[in-house]
Amino acid sequence: MELGGRRERQQRQQLRHRRQKRVTAISPLVKYSLFVFTFFFWLIAGALLGIGIYARVEKGQVNAVVDLLADPAIVLIVVGSLAWILGFFGCVGALRENICLLKTYCYVLLILFVLQLVGAILGFVFSDKVEEHIGNLVETAIEKYRDDIDLQNLIDWTQKEFQCCGGKDGFKDWHQHNRYFNCSEENLSRERCGVPYSCCRPEGEEVVINTMCGYDFAPDATPTEAIDRIYIRSCIFAVADWARENLFLLGGIAMGLAIPQLVGILLSRVFINQIQDERELANQEARL
């Protein structure tokens with residue numbers, strides 16, 4: 001009887017020990033760190049999505065599918081939607097300890113990280129192709145300049161900030177690719193053969209912006225003749241030169257984007273392992 005009672009006490013102690021291990025298999029620190037991280041990720045994604053939807057509704061015009069990359073509002077909606085769904089998976093997966101949602105969150109983040117890394121390497125190796133593709137996008141953006149207020153503001157900001165005008169062919173791109181600025185005889189616009197005001201060189205400290213400063217260019221104006229009035233440098237080359245001069249800044253931004261992704265991948269992977277360990281302990285306990 002005494003031997004049987006001793007064995008029973010040992011079994012109870014082993015069972016209590018296993019229960020203790022099962023309860024502590026999941027770290028609250030990991031669980032709630034992952035939840036807080038994904039919650040902020042989810043909020044930022046929701047803000048991007050909201051801004052994109054607001055901008056799209058305010059414009060009230062749906063562009064063709066081929067113009068999506070030239071519409072900042074559509075880009076915000078697409079990126080915000082994907083990030084919002086991903087953040088939702090992470091938040092719910094962390095709270096509900098759902099392995100399926102957590103694996104989806106982890107693997108999608110990992111795929112995005114790898115794609116960004118591969119894209120950066122390919123962009124560096126095939127820089128000529130990338131420059132050509134960017135040139136085509138800039139031409140499309142110039143063509144849609146008056147059709148999209150967000151795109152117009154983005155182009156004006158870029159030209160003023162980088163002191164440039166147009167794409168591959170400089171200010172001539174405005175004459176070639178935009179129906180309001182082109183030099184054809186059919187164009188009766190007051191802006192014919194001109195450029196946007198953001199191409200103009202400022203005259204001293206302007207209190208009121210002269211939006212007509214780019215009007216009345218001769219159709220055959222040369223860069224030498226235009227340089228006193230406007231910026232003649234291509235925005236593609238201007239941005240590329242700025243990027244070369246600010247490699248450390250761009251590297252810091254890239255790290256700032258990559259580190260949160262790696263943190264999310266690491267936390268979700270650790271939490272998945274903890275949930276699996278807990279379930280294995282629960283199964284072992286159930287068999288006793």
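These are my notebook entries on a predicted model.

**Ground rules.** Residues count from 1 along each chain as its sequence is written, and side-chain values use heavy atoms, without hydrogens or water. Because the model is predicted, local features need pLDDT of at least 70 and side-chain atom pairs pLDDT 80 or more, while totals for chains, interfaces and linings use all residues.

**Whole chain.** I looked up the helices and found 10, with zero strands. Helices here are DSSP runs (H or I, at least four residues) and strands are E runs of at least two, numbered from the N terminus. I then checked burial: 32% of the 288 residues are buried, meaning under 20% relative accessible area with a 1.4 Å probe, protein chains only.

**Record check.** The unreviewed UniProt entry annotates "transmembrane region" at 29-54, 74-95, 107-126 and 247-272. Residues 107-126 are 95% helix, with end C-alpha atoms 28 Å apart. Residues 247-272 are 100% helix, and their end C-alpha atoms lie 37 Å apart.

**Surface patch.** I found a nonpolar surface patch that includes Tyr107, Leu110, Val118 and Phe126, with about 960 Å² of accessible area for the whole patch. Patch members have over 30% relative accessible area and no salt bridge, and nonpolar side chains are joined within 5 Å. A salt bridge would be a Lys or Arg side-chain nitrogen within 4 Å of an Asp or Glu carboxyl oxygen. Areas come from the Shrake-Rupley method with a 1.4 Å probe.

**One residue.** I picked Val118, which sits in helix H4 (residues 99-125). Val118 is partly exposed at 38% relative accessible area, a class that runs between the buried limit of 20% and the exposed limit of 50%.

Note on methods: UniProt positions are given in the numbering used here, feature names are shortened, and annotations may be inferred rather than shown by experiment. Patches are made of residues with over 30% relative accessible area and no salt bridge: like charges are joined within 9 Å, nonpolar side chains (Val, Leu, Ile, Met, Phe, Trp, Tyr) within 5 Å.
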